[in-house]
Amino acid sequence: MDAFERTFALHVPSSTGNLAMIRDFVASIGAKAGFDDNEVARITLAVDEACANVIEHAYSLDETRQVTIRATLDSQDLSFEIVDNGRGFEPSQVSEDDVAELIRQRKSGGLGMRLIRAVMDDVKYQITPGEKNELRMVKHIKRG
Amino acid sequence: MSQSFQIECSDRDGIRLLSISGYLDAHTAPAFERAIENELRSGNVRLVVDCTGLTYISSAGLGVFMSYLEEIREKGGDIKLAAVKPKVYQIFDVLGFPQLFDIVDTVEDAEGRFGLQGGARDGRL
């Protein structure tokens, strides 16, 4: 691994039909970073969940909006930033109920953020009101 | 995107087998949800989902399983998952699905589990 940071970006129209393309993009960078197949699958899931949230909730399935995924790879970390300027959400309002309780209530909301937090090492969500919402998530690269 | 997700349904001894293949994400989960709703509307509550061809699942797909489990069990049935690939199983595992759902190695195992339960009746009868 060289000492230089490398960045990659994908811009796609805000449609769930483009999630497969986003996953391909993430999986290829995950493999380039040296993660094994299972780790790549988990990282891909986290970015898919983040983008699905933007497409469905921030942009309300408006295909005229763009989703941008920026990946940064260095010798320590693989990180992803998903920035939107749609409707933000308050992470503290996401249900903390365990999955068994959600099933009893016949609910399934809030699973996306839960999965992201479970599979990534560091997750930060920042809202700049009226300007942008930014989700940054990091996976550490373990060596040796 | 026509190959993204497919469902094939068949009947085996009072058990409804749904064979799903492709990926189950926010784009394709609504089709799966409609299929489950159709089964419930038809009174089919003994469901086996054959995941042999399932290559990926996200929260949207997991949510479909979660949303209907309680109703199906209340009606005396169950939704059992069979032949989940390891890469997909690990996603089920993150949310603790193996403790909440009956997930078995093969379709035959899943069908056998309905037989062993005995109490689950086919809603169509």
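Biologist: At what angle do the axes of helix H2 and helix H4 of chain A cross?

Modeller: Roughly 150 degrees, and the axes of H2 (residues 37–58) and H4 (residues 111–119) come within 9 Å. An axis here is a line fitted to C-alpha atoms, for helices over the stretch in contact, with angles running from 0 to 180 degrees between N-to-C directions. Before we go on: this is a predicted model, where local features need pLDDT of at least 70, side-chain atom pairs count only at pLDDT 80 or more, and totals for chains, interfaces and linings use all residues. Residues are numbered from 1 along each chain as its sequence is written, chains are lettered from A and ligands numbered from 1 in the order in which they are written, and side-chain values use heavy atoms, without hydrogens or water.

Biologist: What makes H2(A) roughly antiparallel to H4(A)?

Modeller: Look at the crossing angle, roughly 150 degrees. Under 35 degrees counts as roughly parallel, over 145 as roughly antiparallel, 65 to 115 as roughly perpendicular, and the rest as oblique. That angle therefore makes H2(A) and H4(A) roughly antiparallel.

Biologist: Which residues of H2(A) make the contact with H4(A)?

Modeller: Arg42(A), Leu45(A) and Glu49(A) are among them, meeting residues of H4(A) that include Met113(A) and Ile116(A). Contact just means heavy atoms within 4.5 Å.

Biologist: Why are H1(B) and H2(B) called roughly parallel?

Modeller: Same cut-offs, new angle: H1 (residues 29–41) and H2 (residues 59–74) of chain B cross at roughly 15 degrees, with axes coming within 9 Å. An angle under 35 degrees counts as roughly parallel, and H1(B) and H2(B) therefore get that name. Phe32(B) and Ile36(B) of H1(B) are among the residues in that contact, as are Val64(B) and Phe65(B) of H2(B).

Biologist: How much area is buried between chain B and chain A?

Modeller: About 2200 Å², with carbon and sulfur atoms giving 66%. Buried area is the accessible area (1.4 Å probe) that two parts lose on being put together, summed over both. Here 25 residues of chain B are in contact with 29 of chain A. Tyr56(B), Met66(B) and Leu95(B) supply 25% of the area that chain B buries against chain A, more than any other three residues.

Biologist: How do you know that Asp25(B) forms a salt bridge with Arg23(A)?

Modeller: Their closest N and O atoms are 2.8 Å apart. A salt bridge needs a side-chain nitrogen of Lys or Arg within 4 Å of a carboxyl oxygen of Asp or Glu, so the Asp25(B) and Arg23(A) pair qualifies.

Biologist: What distance do Glu81(A) and Arg136(A) have, N to O?

Modeller: 3.4 Å, and the two side chains meet in a salt bridge. Glu81(A) belongs to strand S3 (residues 77–84) and Arg136(A) to strand S5 (residues 132–140), 55 residues apart, and the pair links distant parts of the chain. Strands (E, at least two residues) and helices (H or I, at least four) are DSSP runs, numbered from the N terminus.
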